[in-house]
Amino acid sequence: MTYLIRLIARRYLKGTRTEKSISSMVIVCFLSISIGSCALALVMSIMNGFEHATHEKIRGIHAHIIMKQSGQTLDGNAIRDVINKEFPDIVGVSCQQIGQVIVQSNNSDDISSVVMIKGIDPTHEVLTSSIHKKIIHPPQTPLHKVIHDNYVLIGSQCATELNVTTGDTIILIHKKEDSSNEKIEFSHTKARIGGIFKTGIEEFDYGLMFATHELWTSMFNSDEIHQIAITAQPGTDQAALVEKLRRRFNINVYSWKDLYPALVSALKLEKYVMFFILALITLVACLNMISLLYMHIAQKKGDIALLKAMGMNIRDIRIIFLLTGTKIAFYGTVCGLSCAYIIGLFLQKYPLITLPDVYYVSTLPIQLSLSMFALIFATVMAISVTTSWLTTRSIKYINVIDVLRFEA
């Protein structure tokens, strides 16, 4: 019986070529499902690309996990030893010192540039951030050759504002450690620019600077560690690791996503909303299947009555027309997803679409995901099968006697 059902469904689908009205509806259904699934896959790939690009931009500065205790210093060496012994999922630990300085060009009296300066160990910092990959001048230079002695790494916008470049001398104006709130005294330290980085985010490119622990300590007369950056192995459950670190050390531990909750939530919400809206558009495209199957069932009333009279179950007859709709949806979805994949590969190789400066990326980002394509395929097929199955319910209302009488 299964073979007979498939045979009849295949014959009915092939027979639509000779019926102009049915043939036109088949083409309309095929194209609408193809275009809908292609649009859904492309938009979701773009949204994934935006989310991935934004995360990578921010991850270029911040580590996966940050440990920090407000108003207190941390014992960096002791914490690193415990992490190395008890947390095999962690692959990088970097101690950081945080301070604020006013940056002044050696040839200017302007003191309006206030930046945050981080004291780091270059050999450890490369394990927890990708700031070394953002260095644009001198290009492809190891971080430890850029940051050493009194050489610092500054952002591109800060360098443009100060009109300085690599090798120039700058003056760092900072608060004296022993100055009181009633009488704030400042000290001056000369430093040289060892490199310039560019992340594409104004917040970092203008207001962030990196120096060695030794330079930072000599400026602020303190060797205290303010925060510890941690990098986990790929695939690690960061939320669980954060909770485990928080219980072990009893200090504030949070992931980089906690620093930008609004941005992370907005990107995730936007992706889900776009999927829902385009799924509705795909639903409208699949509704064309209702018109097609109603027309097909009306045209095959005589055949349906004969099959009923010969003893075929109504359920099996419904499956015949269900297979017809499912095949159209299957080929339409495969065609649409294939087109989306080809377009996505083309845009990845040739990023022709440029974006304004308000975005974190300069070109339209595309990230193709097989799991996402599988989800879209399953969604479109589920909608198509559901609409087709509901349409075939009209078969049970066909009166065999009346149809055979009038058909005869």
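Modeller: The answer starts with the chain as a whole and then takes the salt bridges in turn.

This is a predicted model, where local features need pLDDT of at least 70 and side-chain atom pairs 80 or more, while totals for chains, interfaces and linings use all residues. Residues are numbered from 1 along each chain as its sequence is written, and side-chain values use heavy atoms, without hydrogens or water.

The protein chain has 14 helices and ten strands (DSSP runs of H or I over at least four residues, and of E over at least two, numbered from the N terminus). Its radius of gyration is 32 Å, well over the 22 Å that the globule rule gives for 408 residues, so the chain is more spread out than a compact globule (taken over C-alpha atoms; the rule is 2.2 Å times the number of residues to the power 0.38). Along the principal axes, the C-alpha atoms fill a box of roughly 105 × 45 × 40 Å. Of the 408 residues, 47% are buried (under 20% relative accessible area; exposed is over 50%, partly exposed in between, with a 1.4 Å probe and protein chains only).

The structure holds four salt bridges (a side-chain nitrogen of Lys or Arg within 4 Å of a carboxyl oxygen of Asp or Glu). One of them joins glutamate 51 and lysine 271, at 2.9 Å from N to O. Glutamate 51 lies in helix H2 (residues 20–59) and lysine 271 in helix H10, so distant parts of the chain, 220 residues apart, are linked. Glutamate 51 is buried because its relative accessibility is 13%, and lysine 271 is buried at 15%. Helix H10 spans residues 261–299 and also holds isoleucine 277, which is partly exposed at 39% relative accessibility.

Another salt bridge joins arginine 248 and glutamate 86, at 2.8 Å from N to O. Arginine 248 is in helix H9 (residues 238–249) and glutamate 86 in helix H3 (residues 76–86), so this pair ties together parts that are 162 residues apart in sequence. Both count as partly exposed: arginine 248 has 38% relative accessibility, and glutamate 86 has 36%.

Helix H9 also has a pair within itself: arginine 247 and glutamate 243 are four residues apart there, about one helical turn. Their side chains meet in a salt bridge of 3.9 Å, N to O. Arginine 247 is exposed, with a relative accessible area of 60%, whereas glutamate 243 is partly exposed at 34%. Salt bridges with shared partners join Glu243, Arg246 and Arg247 into one network.
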